[in-house]
Amino acid sequence: MKPAVDKVKAIVEFFHRSTTATHKLKSTQQQMGMPELKLKQECITRWNSTFHMLKRIPEFKDAVISTLAVISVDPLSHEEWEVLQEACTVLEPFEQVSVEISADSHVTASKMLILCKGLQRVTAEHQTRVTTGKVKELVDALCASMDRKFHRMEYNAVLSETTILDPRFKKLVFNDNRAVDEALQRITAAARSSQPTPLPEDQEGE
């Protein structure tokens with residue numbers, strides 16, 4: 001993927017540096033009846049910024065191709081455009097999941113198991129769907145990495161306990177009954193060890 005990504009990055013950086021090229025791109029978008037979108041630049045300190053950069057450029061592909069044709073910048077080949085579009089399809093669920101688990105207004109720990117298993121499933125489905133060799137390598141690498149990193153996720157104490165305590169999921173997400181049993185034992189032990197706060201004497205009856 002790196003050569004295609006580097007080429008997109010070079011194109012985006014060129015448009016950000018050149019006001020003439022930016023005006024030409026904007027004019028081409030207007031002539032083609034497209035919305036006037038701006039190219040997004042990769043930022044190494046922001047999550048998924050490479051994905052955002054790759055996703056944006058095909059949204060006005062024809063305008064970019066027409067503009068690059070009249071300026072001295074190496075354009076993307078037909079195969080590279082296909083690579084970008086397929087890669088974005090593969091990576092879109094990772095963007096959705098990372099946004100979901102980054103939320104700070106609601107609980108996210110109990111969703112981790114089901115979201116990670118969902119990522120594994122949808123990514124594995126792409127192994128038979130993608131048509132470009134580079135994206136096939138990307139999919140294989142993602143699948144292998146998730147198999148390695150998520151292998152014992154069900155045994156993570158926080159994730160397993162929060163999932164079981166979430167009434168939406170409970171035991172449904174688990175593949176390993178032993179992980180369920182161990183989590184239930186920890187929850188039960190914690191409940192037994194917690195001491196109830198004694199009521200004042202005048203409220204004992206209530």
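**The nonpolar cores**

I began with the largest nonpolar core, which has 35 residues; Val8 and Ile57 touch the most other members. I kept in mind that this is a predicted model. Next I looked up who contributes: helices 1 (2-17), 2 (19-31), 3 (49-56), 4 (61-69), 5 (78-101) and 7 (133-149) each supply at least two residues of this core. Helix 5 gives the most, with nine residues.

I then checked the neighbours of Ile57. Leaving out residues up to four places away in sequence, Ile57 touches Val8, Ile11, Leu39, Val64, Trp81 and Leu84. Apart from this core I found another, of 13 residues, including Leu113, Phe169, Val173 and Phe174.

**Helix 3**

Which residues of helix 3 are buried? I noted Ser49, Phe51, Met53, Leu54 and Arg56. Their cover includes helix 1 and helix 5.

**Charge pairs**

My search of the whole structure gave 15 salt bridges. In one of them, Glu42 pairs with Lys9, with the closest N and O atoms 3.0 Å apart. Glu42 sits in the loop between helix 2 and helix 3 and Lys9 in helix 1, so this pair ties together parts 33 residues apart in sequence. Glu42 is partly exposed at 23% relative accessible area, and Lys9 is partly exposed at 29%.

Arg121 bridges to Glu125 at 3.2 Å between the closest N and O atoms; they are four residues apart in helix 6, about one helical turn. Arg168 pairs with Asp166 at 2.7 Å between the closest N and O atoms, and Asp166 is buried, at 9%. Last, I noted a salt-bridge network linking Lys7, Asp74 and Glu80.

How values were computed: Residues are numbered from 1 along each chain as its sequence is written. This is a predicted model: local features need pLDDT of at least 70, side-chain atom pairs count only at pLDDT 80 or more; totals for chains, interfaces and linings use all residues. Side-chain values use heavy atoms; hydrogens and water are left out. A nonpolar core is a set of buried Ala, Val, Leu, Ile, Met, Phe, Trp, Tyr and Cys residues joined through side-chain atoms within 4.5 Å. Buried means under 20% relative accessible area, exposed over 50%, partly exposed in between (1.4 Å probe, protein chains only). Contact means heavy atoms within 4.5 Å. A salt bridge is a side-chain nitrogen of Lys or Arg within 4 Å of a carboxyl oxygen of Asp or Glu.
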